[in-house]
Amino acid sequence: MKEKFKLTSLERNWILYDIANSAFTLLVSTLIPIYFNSLAGAAGVHEDMYLSYWGYAGSISTVLVAIIAPICGTLSDRKFKKPIFLLTVLLGCIACACMGLTTHWLVFLGIFILAKVGFHSSIVFYDSMLPEITTEERMDNVSSMGYAYGYIGSVVPFVICLVLVLMCDSFGLTMGGAMVCAFLITGIWWAVLSLPLLKSYRQTAFVDGKGAPLKDSFKQLVRTFKEAKAEKHVFVYLIAFFFFINGVYTIIDMATAYGSALGLDTTGLLLALLLTQIVAFPCAIIFGRLSAKYDTGLLIKVCIVCYTCITLFGMFLVSLWQFWVLACLVGMFQGGIQALSRSYLGKIIRPERSGEFYGLMDICGKGASFLGTTMVAFVSQITAGVKVNVFGLQLQNENLAVGSLVILFIIGYLVFCKADKLNKERA
């Protein structure tokens, strides 16, 4: 009889941080874009520009993280992982809690960018801990459970925030006051649930170094790029990851903004995205268990193909029921592709260089997110006011913008097939 999979104490604490930061991720994909739209609308910004400004803010934050991430990665491999991880967590938590302190849409975007920089920078360190807190045999399962419990755990603070916002009158609050509470609740949740990992984690894999850490980190960054290029199996995988994760992150970041721009009911959008979290929980765990029976590369390919189909479906989205279907479909594959992509890299690199390579992975992920959000924002902007009839459906500029992501999924699939072949030949 097969022994039941049990998590170690360190693995549980590592997963708990996924629950902590996922509360912010869920807020970003649901309430924050809607709140931003209300601030921008009150300031006289034209509604056709909401999606563009939101997309550009996301792009700026990803560029900043893409610059910072590899430096953080090389520093983390020099025994600095835990203290810098703490600093990034603090930046994210504090910025999140402070987002309700302004009603000016541009200042709000500035604080939002700081919160995202803190969040994404912390993920570089968090992901690089994976090869240290578990074994290669357990990596797929632990990574998948991290995303799974992150999805379902983040529902707890989100439901509280959602009740406050939707029923603000019953609590004697204005919409703005309810959002202030939502930002505070999320920031505190994030901070408190980070404590177990901060307390229990001890860095065991590192590279010895002497001299100025910051200066050496730049030198090491150059060496890492060269080594990644020399290790073709890693280099090609990172290129593939750049393309296919592009669509995944863009859909996550801009789902609510997309539905809101199409004029869909706000409450319906929020409840649909809550459904995404609930569906994603068991599906992420299922993908983790499937990885024990089927090749991880094959499962990633399945996820990419399914995401391509999901994007095509999303392009023709014109009503709320379609958004609900889209939310359900995204939940089925979102956790799987993220978790398996993370553990796939962990299997093909050396543990003592995990910080550097996960830093490069984050560059690819954030560079892809920058490309995706910028692409959607740009296409939406240049086609503002355009309406196209396809199969009897009247598609707006936002539909065309989302449809452009299909190309990147296709490229990602083709390059990943090459990367997976290289890794199989090397094994």
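Figure 1. Among contacts (heavy atoms within 4.5 Å) between residues at least 6 apart in sequence, 85% join residues at least 24 apart. The protein chain has 17 helices and two strands; these are DSSP runs, numbered from the N terminus, with helices (H or I) of at least four residues and strands (E) of at least two. Of the 427 residues, 59% are buried, where buried means under 20% relative accessible area, exposed over 50% and partly exposed in between, with a 1.4 Å probe and protein chains only. The model is predicted: local features need pLDDT of at least 70 and side-chain atom pairs count only at pLDDT 80 or more, whereas totals for chains, interfaces and linings use all residues. Residues are numbered from 1 along each chain as its sequence is written, and side-chain values use heavy atoms, with hydrogens and water left out.

**Figure 2. The packing of helix H1 against helix H8.** Two packed helices are described by the angle between their axes and the distance between the axes. The axes of H1 (residues 9–29) and H8 (residues 175–192) come within 8 Å and cross at roughly 160°; such axes are lines fitted to C-alpha atoms over the stretch in contact, with angles from 0 to 180 degrees between N-to-C directions. H1 and H8 are therefore roughly antiparallel, a term for angles over 145 degrees. Residues of H1 in the contact are Tyr17, Ile19, Ala20, Asn21, Ala23, Phe24 and Leu27, and those of H8 are Ala182, Phe183, Thr186, Trp189 and Trp190. By class, this contact has 10 nonpolar residues, two polar and no charged; Ala, Val, Leu, Ile, Met, Phe, Trp, Tyr, Cys and Pro count as nonpolar, Asp, Glu, Lys and Arg as charged, and the others, Gly among them, as polar.

Figure 3. Tyr237 belongs to H11, which spans residues 232–261. With a relative accessibility of 0%, Tyr237 is buried. Leaving aside residues up to four places away in sequence, Tyr237 touches Ser341, Tyr344, Leu345, Ile348, Met361, Phe416 and Ala419. A polar atom of the Tyr237 side chain lies 2.7 Å from the backbone oxygen of Ser341. Between Tyr237 and Ala419 there are 5.0 Å in space, C-alpha to C-alpha, although they are 182 residues apart in sequence.

Figure 4. Gln334 lies in H14, residues 320–348. Its relative accessible area is 6%, and Gln334 is therefore buried. Beyond residues up to four places away in sequence, Gln334 touches Tyr151, Ile252, Thr276, Gln277 and Tyr307.

Technical notes
Parallel < 35°, antiparallel > 145°, perpendicular 65-115°, else oblique. Polar contact = N/O pair within 3.5 Å; in protein donor to acceptor, adjacent residues only side chain to side chain.
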